[in-house]
Each structure stands twice: as structure tokens, then as C-alpha cells.
Amino acid sequence: MLSAGRIALGLCWLAWAWPFAFRVPHYQKRPSITAMAPTAAGLLLEVLAIAIAFVFRLPSGHPPGLARILASMVAGLVSAALAWTSVKHLGKQFRVNAGLYEDHELVRTGPYGIVRHPIYSSILAILLSTILLLTPWRWAAVSLALFVAGTEIRVRTEDNLLASRFGRAFAEYRKKVPAYVPFVR
């Protein structure tokens, strides 16, 4: 059952990554401002969190159990659904580095009506999927702490940029919609 879970996890990662690899507009040549340093710092922490989830494995004699396997698959499916719908609704506004295009629009449709940063929600969900299937709890805590630290850096940077451009409209959106975990302010 564990090998089937690992295959399913691999498929969830593939389904999650697909829209970022093949559906987003890469190499846009529009004027923009970019916040590179905080993006790099946050991204580094997020990547480290994911690496920990994969590197520090459950002992071979202690498989995760059916409940963790099922929860892992649910989180994996949620991550893929969020990735696909986020990319669709964000469209030409997509960028890896925090920044704003000259013609940037404030997106509030689809998953952006539930959380302001659903792509980060999708990364959190795929990380949880991985942790549930592969990672011992002590390393899961380290992984999640690093992820939250990195994501908070990126969210605050992006929110500051959006607030500077969209003022009151973003302030109202921010009051109504949580950052990347539904129902958590």
C-alpha cells in the first residue's frame, strides 16, 4: 500500500506542477517593478522546507498508516486543484518574484475570493501531502515552520506591493480575505 501511496504522491506533485510549467505565461516583456531579495529569501526557506519533507523519511519499519495515506491523497488533490484554478484566474498577472506589472490588476475571482495567495495555499497543501506520507512528525514540524517563515516573507512583500498600487481596494480585500490559509487571519 505504501508504494501505491508514493506513486499517488508523485502523480499529485506532477498534477500540481503542470500548470506552473506549462500554463503560466513565462518571459513576459511588460514593464514591472520587482522585489527580488525578499522573494529569494522566502523561496529559499520554502524549498528547504520541501527538501526536509523528502529527505527525512519515516523508518522503513514504520509505514504511515491508512489515515495518513488517505489524508495525504486528499491534500495532494486539493493542491493540484488550487494550482490549476489559481493559474487560470491569475492569468497574465503570474510571476515568480514578488512584483507588479505596469498594467497589473487586482485578482479577486475564483480561489482568490477564498484566500489572497492561493498559490501558496497549493504549495502548503502539496507539502502537507508529502509530510503525511513520508516525514516523521519531528521533521514535519521543522519543515512546516520553515515553510511558514518563507511564505510569510513572500506574502508580506506581495501585500505591501499590492497595497501601494491598489490602496483602499486592496485594504478592503485584505480585511475580508485571509492570506493563504482559509479562515485564519
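This report describes helices, a nonpolar surface patch and salt bridges in one structure.

## Basis of the model

The structure is a predicted model, in which local features need pLDDT of at least 70 and side-chain atom pairs count only at pLDDT 80 or more, while totals for chains, interfaces and linings use all residues. Residues are numbered from 1 along each chain as its sequence is written, and side-chain values use heavy atoms, with hydrogens and water left out.

Helices (DSSP runs of H or I, at least four residues) and strands (runs of E, at least two) are numbered from the N terminus. Helix α5 covers residues 137-176, and its end C-alpha atoms span only 33 Å, whereas a straight helix of 40 residues would span 58 Å; the expected span is 1.5 Å times one less than the number of residues. A bend of about 130 degrees is found in α5 at F166, taken as the angle between axes fitted to the seven residues ending there and the seven starting there.

For α4, the 17 residues should span 24 Å, which agrees with the 24 Å between its end C-alpha atoms. Helix α4 is largely enclosed by the rest of the structure, because 16 of its 17 residues are buried (buried means under 20% relative accessible area, exposed over 50%, partly exposed in between, with a 1.4 Å probe and protein chains only). Within α4 (residues 118-134) lies S129, which counts as buried at 0% relative accessibility. Leaving aside neighbours within four places in sequence, S129 is in contact (heavy atoms within 4.5 Å) with L9, S72, A75 and G76.

## Nonpolar surface patch

I7, L11, L14, W18, F22 and W84 make a nonpolar surface patch of about 650 Å². Its largest share, five residues, comes from helix α1 (residues 2-22). W18 lies in α1 and counts as partly exposed, at 38% relative accessibility.

## Salt bridges

Six salt bridges are found in the whole structure, each being a side-chain nitrogen of Lys or Arg within 4 Å of a carboxyl oxygen of Asp or Glu. R30, K92 and D103 are linked in a network of such bridges. The side chains of D103 and R30 meet at 3.5 Å, N to O; this pair links the loop between β2 and α4 with the loop between α1 and β1, 73 residues apart. D103 also forms a salt bridge with K92, with the closest N and O atoms 3.4 Å apart.

D159 and R116 form another salt bridge, at 2.7 Å, N to O. This pair joins helix α5, which holds D159, to R116 in the loop between β2 and α4, 43 residues apart, and both D159 and R116 are buried.

Methods. Patches are made of residues with over 30% relative accessible area and no salt bridge: like charges are joined within 9 Å, nonpolar side chains (Val, Leu, Ile, Met, Phe, Trp, Tyr) within 5 Å. Accessible areas come from the Shrake-Rupley method with a 1.4 Å probe; for residues, only the protein chains shown count as cover.
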